[in-house]
Amino acid sequence: MHELLHDAYGLHIKDEVTRFGRHGYTDGESLYFIIKLEKKEACYIEQCMLARFLREQGCRQIALPIQNHHHSWITNTSHMYVIVFKLPYMNVLEPSIPFQHLATFHKISQTFPFEPQYMNDYGFWSTIWQDQVITMKRQVEKAIVLNNSTVLNTIIDNLPEFMRLSKLAIQLLTEAENESYFNRTDKPAICFNRYEGQQQTPIILPIELVYDHPVRDIAERIRYHVLHDSIHRDIEVKEWLERYQAVQPLSTLGMRMLYARLLYPSHFWEMCDWMIAAPRSKKYVEVIERLIKRHRSYLNRVNDMFK
């Protein structure tokens, strides 16, 4: 990769570094991150447009793409295509203060003047969920025929429960989308593919960005803490949501979408996907059983929040 950065971009790399969980390279003045393309080029172009807009609004911690010697954003090397993002060292000292709260991040990003075509999930949740449920059910059933393991049997045993819950979430979402009351906070915003508090971190890569309803990020923030933290932290989660709404009040539509998104067991389907692809052993049985047990507590706590 040193040769790639030198030959294609004219960079003199001094060292490989890991900063805030990101592996990259440095020439002493800036950080460079090499990303292999795994989607259509148009997806990355749109993500870079979103990133440039955020930088123009003052989000200093977001990296931007650089062109190679051929004045192209995409480089073909070793039978793969890559894009290189650059972030000056001075920009990663601390997060941009205006973006430290998620509500402010959404409020600013809702002024993005274009509508992406490829990285736009706004209004497509029910379709995405339906496709995921059908695909995962087929993959699990196919996998158990090829390899009848204890892990897959555990998944199969619990599949009806998660199928029912998924269908309920899709139904609630469909009903919510028929809601007649909207407010400005229902406008699409720049969000994160999987929100993990990125706007408070010193490094954001464009590949994390997507265009969607702000509830996407809110739900993932709540999902993570309810799944992984003790019930005593639920008060903090409620207080965080109140602070969010002080800046960006959620409409009736937004609250109903939030509930539907939290009900939808994306954590289970993602675990299934991982279990099917990964080598299996007895410890994976414990992993999936812990997730199922944790999920039932999670569901009770989510319902308590929305009473």
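Author: F20 counts as exposed because its relative accessibility is 54%; on this scale, exposed means over 50% relative accessible area, buried means under 20%, and partly exposed is in between, with a 1.4 Å probe and protein chains only. The model is predicted, so local features need pLDDT of at least 70 and side-chain atom pairs count only at pLDDT 80 or more, while totals for chains, interfaces and linings use all residues. Residues are numbered from 1 along each chain as its sequence is written, and side-chain values use heavy atoms, with hydrogens and water left out.

F20 sits in the loop between β1 (15-19) and β2. Helices (H or I, at least four residues) and strands (E, at least two) are DSSP runs, numbered from the N terminus. Although F20 is not a glycine, its phi is positive, at about 55°. H71 is also not a glycine and has a positive phi, about 60°. The loop that holds H71 runs between β4 (64-65) and β5 (75-77), and H71 counts as exposed at 63% relative accessibility.

Strand β2 (residues 22-26) contains R22. R22 is classed as partly exposed because its relative accessibility is 24%. Setting aside residues up to four places away in sequence, R22 touches V17, F33, I203, L205 and E208, where contact means heavy atoms within 4.5 Å. The R22 side chain also makes a polar contact with the side chain of E208, at 2.3 Å. A polar contact is a pair of N or O atoms within 3.5 Å; within protein, one must be able to donate a hydrogen and the other to accept it, and residues adjacent in sequence count only if both atoms are side-chain atoms.

I203, touched by R22, is also reached by T201: the T201 side chain comes to the backbone oxygen of I203 at 3.3 Å. T201 belongs to the loop between β7 (189-192) and β8, and it is partly exposed, with a relative accessible area of 26%.

Strand β8 (residues 209-212) includes D212. D212 counts as buried, since its relative accessibility is 1%. The side chains of D212 and W125 make a polar contact at 2.8 Å. Apart from neighbours within four places in sequence, D212 contacts D121, Y122, W125, P188, A189 and C191.

Next, the nonpolar cores. A nonpolar core is a set of buried Ala, Val, Leu, Ile, Met, Phe, Trp, Tyr and Cys residues joined through side-chain atoms within 4.5 Å. The largest one has 67 residues, and I155, I222, L258, F268 and W269 have the most contacts inside it. Helix α5 (residues 150-176) gives the largest share of this core, 11 residues. A second, separate core has 14 residues, including V17, F33, I35 and F85. V17 and F33 are among the residues that R22 touches.

In the largest core, I222 is one of the residues with the most contacts. Not counting residues up to four places away in sequence, I222 touches V237, W240, L241, L258, L262 and M305.
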